[in-house]
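Here are my notes on the structure shown below. Please read them with the model open.

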Amino acid sequence: MADITTRQAVLDDAITAITGQRHTDYGTAEDNFTTIAELWATLFGFPVTATQVAQAMVLMKIARTMTTPDHRDSWVDIA
């Protein structure tokens with residue numbers, strides 16, 4: 001289990017990711033997930049919400065941690 005310092009660092013990196021360059025490159029997470037939801041709805045032929053996109057993306061990252069549990073980027077993205 002990660003220690004407090006590691007947890008804090010992961011959360012700090014997550015904050016930086018959503019407020020820093022990623023935000024500059026892709027806009028807000030909410031806007032980006034809404035755009036993805038619209039595209040997935042077109043692809044799949046049924047409504048998809050931004051919340052469902054976020055949930056699916058977290059599940060994707062969880063699946064990746066099952067193979068490489070120490071891959072820090074997955075934990076940052078989940079956070």
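1. Accessible areas here come from the Shrake-Rupley method with a 1.4 Å probe, and for residues only the protein chains shown count as cover. The accessible surface of the protein is about 5,900 Å², and 62% of that belongs to carbon and sulfur atoms.

2. The model is predicted: local features need pLDDT of at least 70, side-chain atom pairs count only at pLDDT 80 or more, and totals for chains, interfaces and linings use all residues. Residues are numbered from 1 along each chain as its sequence is written, and side-chain values use heavy atoms, with hydrogens and water left out.

3. The protein has five helices and zero strands, in the order α-α-α-α-α along the sequence. Helices (H or I, at least four residues) and strands (E, at least two) are DSSP runs, numbered from the N terminus. The C-alpha trace spans about 45 × 30 × 15 Å along its principal axes.

4. Of the 79 residues, 14% count as buried. Buried means under 20% relative accessible area, exposed over 50%, and partly exposed in between (1.4 Å probe, protein chains only). Leu 59, in helix 4 (residues 50–67), is exposed because its relative accessible area is 55%.

5. A search of the whole structure finds four salt bridges, a salt bridge being a side-chain nitrogen of Lys or Arg within 4 Å of a carboxyl oxygen of Asp or Glu. In one of them, Asp 77 meets Arg 22 at 3.2 Å, N to O. Asp 77 lies in helix 5 (residues 72–78) and Arg 22 in helix 2 (residues 21–26), so this pair ties together parts that are 55 residues apart in sequence.

6. Is Lys 61 buried or exposed? Lys 61 is buried, because its relative accessible area is 9%. Lys 61 forms a salt bridge with Asp 77, with the closest N and O atoms 2.8 Å apart. This pair links helix 4 to helix 5 across 16 residues. Through shared partners, salt bridges join Arg 22, Lys 61, Asp 73 and Asp 77 into one network.

7. Leu 43, Phe 44 and Phe 46 make a nonpolar surface patch of about 350 Å². Patches are made of residues with over 30% relative accessible area and no salt bridge; like charges are joined within 9 Å, and nonpolar side chains (Val, Leu, Ile, Met, Phe, Trp, Tyr) within 5 Å. Leu 43 sits in helix 3 (residues 29–44) and counts as exposed, because its relative accessibility is 63%.
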